[in-house]
Amino acid sequence: MINDIRVGALIAYCSVKRGNKKTLIFIVFVLSLIFMNLVFLPSMIGGLLGLFTGFMQDYPYGDIVIEPTGDNTYINNADNVLKKVRAVEGVRAATKRLDVGASINHKQKVVGVTITGMLPTEEYEISRYPYIISEGDFLSDLSRDEIIIGAMIAGAGFGSEIYDNLGEVRPGAFVDVTYSNGVKRTYKVKGIMEGTFEVVDLNALVHYKEIEDVYGLEGKEATSVVVRVKEQGTEAQIQDKIREAGVNEQIFTWADKSESLIRQAMQSMGAIDTMSKIVSLIVGAALVLIIIYINVLNRKKEIGILKAVGITPRSIVLSYAFLSTFYVSLGISAGLVLYLSLMLYFQANPVTFYETMEVRPVIDPVLLVQSVVTMLTLSVVAGILPAWSVSRESILKAIWGR
Amino acid sequence: MIKVKDLKRCYGTGDTAVRALKGVSFEINKGEFVAIMGASGSGKTTLLRILALLDDATGGEYTIRGLKVSSLPEAERSYYRLTQVGYIFQDYALINEMSAAENVYLLSLMEGKSKKESYRTALEALEKVGLKGKHDRVPDELSGGEKQRVAIARAIAKKPDILFADEPCANLDTANSKQVLDVFKDLNEKYGQTIVMVTHEPWHIEYVDRVITFKDGSLLSDEKKVKEPGSVKD
Ligand SMILES: Nc1ncnc2c1ncn2[C@@H]1O[C@H](COP(=O)(O)OP(=O)(O)OP(=O)(O)O)[C@@H](O)[C@H]1O
Ligand SMILES: [Mg+2]
């Protein structure tokens, strides 16, 4: 075996050293593209998913969200829950919210929305709502007849062509809101919020007390309690601690939420991701196989000669394993350089979705390692198979073709 | 040393079948230098390939040193090709991406010799065929005759039991042919090397002990030469 390795290495070495350099460069180039193809799209999709889950954290769910159990509409005694949550070590801030359905009416135009009732001063610590007011101001503790409207329904921001909107509503305008229980209120628009994200920009915000009034609640109900932690990454531990503190409602981390979201809303994206990976792998495998196969066919005669003078088939097969490992290693290295340069480029020049969502690709080391291992394994198999099949042919056939 | 009995080789099947060997029998003794002659297409190469285990007979049998080598398992056939026989191809059959030295060196390496020793053996063999100083050249940088001599060096470097040479001088001028034949003669006389050489040139006969002539896949004649004193140097 040791002789086989020495001879295989010598054959591979000579064929790289004296082989056609242009062919070598071409093969390496193609392999680097295959590698790129394997890792690039998943990085972009990863970036998109990251952006998406970031939104989930920044707006509806925080780091941890507590929701009513079973068929309950409200968390009962939300203040008690809040008290328990705030006492848990590692919790930075928590607040309660009331989400309700409503329709907004302005000059004959009507749109359906979710209105979130919130405690404005607490939100500064919880969400990015207070920071995305593009016109006007955010709610204050005294805001009672005031409303914040998402840019998409206000008709100001991007997306107003796609969704129903109120047609250029500005701060200071008055809108009529009909709540799901039939109660009607008139609000002055205090601000327009633009989060460049439908979940935000198709919503409206009012003071928590407003919803309480409208629905006749008693200061204890909430549809969700949103929690932020001091240290990212501790969500799961704190989730357990909150449970231990005696909170019997449903407790989710943002990861739980975005997982189910990816499964639901982002299902198509996930499917594209997996499909693109599978297709890349198949195309990559086929290309590696073709490249090595052509290479082997070109050297059929040589393989025959080697066998004829007593070189073992095992050394011959090994030499191709070495060769293809060498090609693919170079290809992967070149592909990595190409990939990292592209990553750098897209970090500086993010791809824009929906005109405003900037997607920067994320480098996932696990994916990279996976791809490198897959490519190498593939290459060794792809290198060995054709060499193995030719090395089993009769010597006459290999050398003289018949 | 070599016993051939009713050896047959038929290429293809049916109407297009070519009966390249129609049942030949002969024996070659250890230390003999045999020339095989005959018209083109008479089956000389076919015979040599079979004896060197590059091809299989379709009938008859043969033994080498009493061993039925053709029925050995493939791994042992490979080892036999590597260690017991040297084969010089009609068309050189060198590895184009390897230098002259590497072409020779490869085999000793396969045999398990050290790098250093393999290299030394290769240089010695190249020197013997008059290629001193050209060991670093690849086949493309060598003339036809030089390539043929690399092929010869490759075959003789391992000092095989039997050397098969398929028209080793076909691409050489008279001077170079003589040089090669002298090497063969030397191996034959000094080391008792058994040599079976296919040739077309009548003047080569003066170097050999015996001439076997083929015609249409059959043995036409088999003449042991009576050495004329002084015709070949001792
Ligand atoms: N692989 C093959 N398939 C079919 N026919 C073959 C094959 N190899 C040789 N032959 C035929 O077998 C016969 C003998 O061929 P062989 O090569 O043994 O002749 P040769 O005596 O070496 O001729 P030359 O002096 O031209 O080299 C020829 O008719 C040839 O066409
Ligand atoms: Mg011939």
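Tutor: Begin with A:Ser224, which touches A:Val65, A:Ile66, A:Glu67, A:Ile75, A:Thr95, A:Lys96 and A:Arg97, leaving out residues up to four places away in sequence. Keep in mind that this is a predicted model.

Student: Which strand does A:Ser224 lie in?
Tutor: A:Ser224 belongs to strand β9 of chain A, residues 224-229.

Student: And is A:Ser224 buried or exposed?
Tutor: Buried. The relative accessible area of A:Ser224 is 6%, and the cut-off for buried is under 20%.

Student: OK, new topic. What coordinates the magnesium ion?
Tutor: Two residues of chain B do: B:Thr45 through OG1 and B:Gln90 through OE1, at 1.8 to 2.6 Å.

Student: Where do B:Thr45 and B:Gln90 lie in chain B?
Tutor: B:Thr45 is in helix α1 (residues 44-51), while B:Gln90 is in the loop between β5 (85-88) and α3 (100-111), so the pair ties together parts that are 45 residues apart in sequence.

Student: What does α1(B) lie across?
Tutor: It lies across β1, β2 and β4 of chain B, and runs at about 120 degrees to β1(B).

Student: What follows the helix?
Tutor: B:Leu53 follows α1(B), and its phi is positive, near 65 degrees.

Student: What sheet do β1, β2 and β4 of chain B form?
Tutor: An open sheet of 3 strands in the order β2-β1-β4, with antiparallel pairing. Its edge strands are β2 (18-28) and β4 (59-64), each of which pairs on one side only. On average, neighbouring strands there are turned by 20 degrees against each other, direction ignored.

Student: What holds strands together in general?
Tutor: Strands of a sheet pair through backbone hydrogen bonds, in either a parallel or an antiparallel way.

Student: How many bridges join β1(B) to β2(B)?
Tutor: 8 bridges, with β1(B) covering residues 2-11 and the two strands running antiparallel. To find one on screen, look at B:Ile2, whose bridge partner in β2(B) is B:Ile28.

Student: And what about the sheet with β5(B) in it?
Tutor: That one is an open sheet of 6 strands in chain B, ordered β5-β6-β7-β3-β8-β9, and its pairing is mixed. β5 and β9 (218-224) of chain B are the edge strands, each pairing on one side only. The twist from one strand to the next averages 15 degrees.

Student: In which sense do β5(B) and β6(B) pair?
Tutor: Parallel, over 4 bridges, where β6(B) is residues 162-166. B:Gly86 has B:Leu163 as its bridge partner in β6(B).

Student: Last topic, the two chains. How many residues does the contact take from each?
Tutor: 33 residues from chain B and 28 residues from chain A. About 2400 Å² is buried between the two chains, and carbon and sulfur atoms give 65% of that.

Student: How many salt bridges are there across the interface?
Tutor: The rule finds 3 between chain B and chain A. One salt bridge has the side chains of B:Glu97 and A:Arg299 meeting at 2.9 Å, N to O.

Notes. Residues are numbered from 1 along each chain as its sequence is written. Chains are lettered from A and ligands numbered from 1 in the order in which they are written. This is a predicted model: local features need pLDDT of at least 70, side-chain atom pairs count only at pLDDT 80 or more; totals for chains, interfaces and linings use all residues. Side-chain values use heavy atoms; hydrogens and water are left out. Donors are N, O and S atoms within 2.8 Å of the metal (3.2 Å for Na, K and Ca); water is not among the atoms, so sites may look incomplete. Two strands pair if DSSP finds at least two bridges between them. Axes are lines fitted to C-alpha atoms, for helices over the stretch in contact, and angles run from 0 to 180 degrees between N-to-C directions. Contact means heavy atoms within 4.5 Å. Buried area is the accessible area (1.4 Å probe) that two parts lose on being put together, summed over both. A salt bridge is a side-chain nitrogen of Lys or Arg within 4 Å of a carboxyl oxygen of Asp or Glu. Buried means under 20% relative accessible area, exposed over 50%, partly exposed in between (1.4 Å probe, protein chains only).
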